[in-house]
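Thanks for asking me to look this one over.

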Amino acid sequence: MTYRPSSRTRRLAIGTAVVLALAGANGPWLYRFGTEHYHAYRIDRPAYKAANGHWDLLDVPSAYRINTIHAALLHTGKVLLVAGSGNNQENFDAKSFRSVLWDPASDTYENIPTPKDMFCAGHTQLPDGKLLIAGGTKRYERLEGDVTRAGGLMIVHNEDPDKPVTLPAGTRFTGKENGRTFVSKDPVLVEKATKVFDRRTGAHLRNEPGRGRIYVEAQRSGTKYETGTEDNYRIAGLSGSDTRNVYGIAQKLALDKKDFQGIKEAYEFDPVAEKYISVDPMNEARWYPTLTTLEDGRVLSLSGLDEIGQIVPGKDEIYDPRTKEWEYTGIVRRFPTYPAVFLLNDGTLFYSGSNAGYGPADVGRDPGVWDLRTNTFTKIPGIGDPDRLETSATVRLPPAQDERFMVIGGGGVGESRRSSGKSRLVDLREPHPEFRDGASLSEGTRYPSASLLPDDSVLVTGGSGDYRGRGGSDVLQARLYDAESDTYERVADPAVGRNYHSGSVLLPDGRVMIFGSDSLYADRANTRPGTFEQRIEIYTPPYLYRDARPELTAGPKRLLRGGSGLFTTLHASSIASAKLIRPSAVTHVTDTDQRSVALDMEKSADSITVTVPKSRAVVPSGWYMLFVTDDEGTPSEGTWVEIP
């Protein structure tokens, strides 16, 4: 039989020949033109997509384009995109705070009124399906050279054991030695002193002063109002015994850089009403905090920069969704900002060492297991590149029951140029767990995004080799990680670079949305300021280019722990596994909500019955996507079920 090429093949061959001929005659421009068109043709071929997947840009109407800093998948199937002021000082000054709700099913958008600047807040999924968002921005950082008035932290002491003292905003503090006067920017409550007694005799030994922290600023501009050493400060407006018992102490008050400051406000976002609902504010202001759901459904809030712009000094607190109130844990443990802290199967917490940017290089950076009940912290040794964990990503490998974690990439503290290509693995079921190095990335990568997929692979994409993409160092690569073989497989490359302020979210249809990026510079020479990346890409994995996928046709909307549920399907014979995947709430490539829980499964001719694990720590209360996969690893669409 004689082979005759199709008309499409002949047209392609002729077109390619013409392009190559013109390239030879006309030089590099036409060569690039031909190369780009051939690349577009190649990645659009069905065989390529089936092997590597495909990236598409989401066509977001201009009225809904924002600097997405946070993203959370809601149980309605919609995605909440949150910018707040979006790392834009002009938006902050204008009180222009943005949130957008995107419906992937209908590809429609809605602007959501946003009451406070939620830029760099913390968030987590609540048991009833609402999203808790706490903290955000009170003041943008001011770099050295932009600060005109000396200022800094004032510690207010109260030695009166009988009553607390409240100082209003505008309170004046005058140094006893330096004579300089500084003014507070906010009110501050200073708790009463604590009486200390001898444990043996019961005799009163001393009063431990109550303390309050407040930011103060010089009354006038100029270097002559700076201070260089610690001083005691008299407080104007006091009377009676307060003049003796209440005073300020400050170290250097200068014109140096002033970091971002946090807020205490907290909100629940209601996915059904599609609005923010104000709840009890936190006790501590926090910017860059982590919120982690605990076994009983309450939420732990930890770390962040406070209203002074300093790391919250270990004052962790817990939110109760039933009372809508916060309480201190009574535990003091310090972490860098956005610490990656995960709930474990016995109710303890795992800190992977991943974090996102602020805090001393020698405090709270060792990974380990933390028991809140006893405040014991057991360090886990062996992590590779321990000095390059900042801006790394941590993912809990499937299934969640196995308690295996992977820490991916990362960089040195602050604006360090150093980055890591390591993937560090740890199995917490071992009697004495230690990290070991797994498969490596092709190069050092800060800010990699990692999303669990319903076929048990992990999509690892984006990031940059240097701080905030400096030097044009964005990594335009994506890989699928197989935990069983500990291997990465290179797949289709994204078109958009992603670094600082980026993240990824698994969608109910099995695709992945990746958002954000906040490059420091717009060029390789680092001469032009960067702009925020508002484009959103959608990755369609290879499993969605197969001929068919399994489908669940009916089943319960609620499943109990330890209980079972029957789901009808026409594909029971080919279904090989079932799992619950908790929806993401991600920012700064940090997502402590992600988990994939394997379900026991029995099959009949036209249905499957799945059984949920009994442990509340393995399956925290809330909404999940139920995925089934066939014997080729092709997943169904996610079916929303509630675990009360």
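1. A word on terms before anything else: a residue is called buried under 20% relative accessible area, exposed over 50%, and partly exposed in between. By that scale Glu-208, at 31%, is partly exposed. Please keep in mind that this is a predicted model.

2. Glu-208 has a charged partner. Its side chain forms a salt bridge with Arg-211, with 3.6 Å between the closest N and O atoms. Arg-211 is itself partly exposed, because its relative accessible area is 44%.

3. Glu-217 belongs to strand β16 (residues 210-218), while Lys-185 sits in the loop between β12 (181-184) and β13 (188-190), so the bridge ties together parts that are 32 residues apart in sequence. Glu-217 is buried, at 10% relative accessible area, whereas Lys-185 is partly exposed, at 45%.

4. Another pair to view is Asp-320 with Arg-322, whose side chains meet in a salt bridge at 3.2 Å, N to O. Is Asp-320 buried or exposed? Asp-320 counts as buried, because its relative accessibility is 15%. Arg-322, on the other hand, is exposed, with a relative accessible area of 69%.

5. Salt bridges also join up into a network here. Its members are Asp-385, Asp-387, Arg-388 and Arg-418.

6. Now to the rings. The count of aromatic pairs comes to 23. Take Tyr-288 and Tyr-358: the ring centres are 5.3 Å apart and the planes stand at 90 degrees, so this pair is edge-to-face. The two tyrosines come from distant parts of the chain, 70 residues apart. Tyr-288 is in the loop between β21 (275-279) and β22 (290-293), and Tyr-358 is in the loop between β27 (349-351) and β28 (368-371). Tyr-288 is buried, at 1% relative accessibility, and Tyr-358 is buried too, at 16%.

7. Most residues other than glycine have a negative phi, and most peptide bonds are trans. Which peptide bond is cis? The bond from Pro-398 to Pro-399 is, with omega near -10 degrees. Pro-399 is placed in the loop between β30 (393-396) and β31 (404-408).

8. His-501 is not a glycine, yet its phi is positive, at about 60 degrees. You will find His-501 in the loop between β37 (487-490) and β38 (502-506), and it counts as buried, at 1% relative accessibility.

9. Ser-517 also has a positive phi, near 150 degrees, without being a glycine. Ser-517 lies in the loop between β39 (512-516) and β40 (537-540). At 2% relative accessibility, Ser-517 counts as buried.

Terms used. Residues numbered from 1 in each chain as written. Predicted model: local features only at pLDDT ≥ 70, side-chain atom pairs only at ≥ 80, totals over all residues. Heavy atoms only, no water. Phe/Tyr/Trp six-rings, centres within 6.5 Å; stacked < 30°, edge-to-face > 60°. Helix = DSSP H or I, 4+ residues; strand = E, 2+ residues; numbered from the N terminus. Buried < 20%, exposed > 50% of the residue type's maximum accessible area, 1.4 Å probe, protein only. Salt bridge = Lys/Arg side-chain N within 4 Å of Asp/Glu carboxyl O.
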